[in-house]
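This report goes through the sheets, a helix, the cores and the chain contact of the entry shown below.

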Amino acid sequence: MGLKTPLYDTHVRLGAKLVDFGGWDLPISYGSQIEEHHAVRRDAGMFDVSHMGVVDIDGARAGEFLRRLLANDVAKLRADGRALYSCMLREDGGILDDLIAYRRAENRYRLVVNGATRRRDLAWIGEHARAFGASVVEREELAIIAVQGPNARAKTATLLAPAAAQEVLSLAPFSAAQVDGWFVARTGYTGEDGFEVMLPATQAVSAFEALLRAGVAPAGLGARDTLRLEAGMNLYGSDMDERHHPLDSGLAWTVAFDPPGRDFIGRAALERLRREPAASFVGLVLEERGVLRAHQAVFDASAAADGPGDSATPLGEITSGTFSPTLNRAIALARLRAGAPVGRAGEGRVLVDIRGRRHLARVVAPPFVRRGQALVTL
Amino acid sequence: MSENPRDLLYTRSHEWIRRLADGRIEVGITHHAQGALGDLVFVEVPAEGRQLEPGEACAVVESVKAASDVYSPVGGRVAASNGELASRPELLNEDPYGAGWLFRVLPAAGAAAGAAAPDGQFMSAEDYDRFLAEQAH
């Protein structure tokens, strides 16, 4: 038996199929994961993500500490409530985790980290916080419900008193507010609008049930994965890990090299790596029928028709792949070696080995889908 | 109550086997199998005329979550395969014992045509129910 979130009994009552996810018993779906996916793209769905870690970092030098700890720069958070996506790196540039940092107030921050890595993250953060005298407090008494979809914000607001509802509905993307004991952030992991709501675990069941009554569909990890992959968002442990760095994981945009004097952990390694040819991290759309999966090998397509390419050595491999319910096609993220001949995004072709047969796929720039709209032409 | 029709035979790899009046064997995957896989999105069935060995992996059913091989319970020639599944893989979820059939085999001469194999590798519905109950523990 794994760890249980405050909503475990609710999931069981709703007939969810539960799976082990990083040590937690979580719903993979409540019926059809494709219907749950469509509910999020077309209306509103919700995910219990209480397995994720909420870590508050406070102290006079908290901001200074996070500018050392994170590859992105919390100095960009110019107002309270603003949020930032960042990697947390080792000295060698390897990615320990990806997270969202919120500025709750001046020198009061909140990090939301992955569930599977939270123990290791806590140890790492605590160790480095000491030199800055910053306090590191895991908020285990909080649950997190992600409500996502075009109607997610409006439906969530029905749970709140009028003033609080008005405040959260006026939030800009990637910002958060604290209302009536809830921390409501306009963030997510689906490519749709919506909120991630952090609330006392004691209120999680009543909030989840109220959202059900408001017409929000419960959705599981299965739909969460197809949604995030359509949105071109990386999954820690699949698309990147400590053996990879942001520059070969499609996350160069999250590394703040400016200002040059900011000495974040991993900077020296990344400064070296950025001068070398980098692996390319690309999106793939399968042109044929079938499903792309993690670890399938990717080959040069020009080698197929007696072309000049090398048909024996893979260009790289798929890091995560799935069937896209929105596009009705298989899609994937793939890491290809530096200089791989894949042509321009949207035009290049590669071959993917699926159970011993090679299938044609097109190279595209993620995301594949955003805000309900397909971004790749089929 | 069991979802598994009483008039079919079952394998440990979760195929069902229906003996047709003309001696052919119809094969599909069980209600349990489709439920474990989740929403099916891709099905590959064997080409008609293909010769199959007993136990040969000859079809692939793939859900959003995972791909799974389907094994031919008997040796013989593929007499028909369900082409409808190419455009409507969800038939496997909706009607696994009917519209979701995968392929039909004309058993090779000498194969245990339609009967339970001599080594008892096929199960009755009652035995398959018990098998599933044991696996759940």
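The text below takes chain A sheet by sheet, then the cores, then chain B.

This is a predicted model, in which local features need pLDDT of at least 70, side-chain atom pairs count only at pLDDT 80 or more, and totals for chains, interfaces and linings use all residues. Residues are numbered from 1 along each chain as its sequence is written, and chains are lettered from A and ligands numbered from 1 in the order in which they are written.

**Open sheet of chain A**

Helices (H or I, at least four residues) and strands (E, at least two) are DSSP runs, numbered from the N terminus. Two strands pair if DSSP finds at least two bridges between them. In chain A, five strands form an open sheet in the order S5-S6-S7-S4-S8, with antiparallel pairing. Strand S5 (83-89) and strand S8 (135-138) of chain A each have a single partner strand, so one side of each is left without a neighbour in the sheet. Neighbouring strands of this sheet are turned by 30 degrees against each other on average, direction ignored. Axes are lines fitted to C-alpha atoms, for helices over the stretch in contact, and angles run from 0 to 180 degrees between N-to-C directions.

Within this sheet, Asp58(A) has Ser135(A) in S8(A) as its bridge partner. Helix H3 (residues 62-69) of chain A packs on the sheet, where H3 touches S4, S5, S6 and S7 of chain A. The direction of H3(A) makes about 125 degrees with that of S4(A). Contact here means that the C-beta atoms of two residues, placed from the backbone, lie within 7 Å.

Six strands of chain A close into a barrel in the order S14-S17-S16-S15-S18-S19, and the pairing is antiparallel. Neighbouring strands here are turned by 40 degrees against each other on average, direction ignored. In S17(A), Ala332(A) is the residue opposite Gly321(A). Two antiparallel strand pairs of chain A are listed here.

| Strand pair | Bridges |
|---|---|
| S4(A) (residues 53-58) and S8(A) | four bridges |
| S16(A) (residues 316-324) and S17(A) (residues 329-336) | eight bridges |

Helix H8 lies across S16 and S17 of chain A and runs at about 115 degrees to S16(A). Of the 10 residues of H8(A) (221-230), 10 are buried, among them Arg224(A), Asp225(A) and Glu230(A). A residue is buried if 20 or more other C-beta atoms lie within 10 Å of its own, exposed if 12 or fewer, and partly exposed in between. H8(A) is followed by Gly232(A), with a positive phi near 70 degrees.

**Nonpolar cores**

A nonpolar core is a set of buried Ala, Val, Leu, Ile, Met, Phe, Trp, Tyr and Cys residues joined through C-beta atoms within 7 Å. The largest core has 72 residues, and Leu66(A), Ala101(A) and Val197(A) are among those with the most contacts inside it. Apart from neighbours within four places in sequence, Leu66(A) is in contact with Ile57(A), Val74(A), Ala101(A) and Tyr109(A). A second, separate core of 65 residues includes Val282(A) and Leu284(A) as well as Ile17(B) and Leu52(B).

**Chain B**

Chain B has four helices and nine strands. Its C-alpha trace spans about 40 × 35 × 25 Å along the principal axes, and 42% of its 137 residues are buried. The contact takes eight residues from chain B and 11 residues from chain A.
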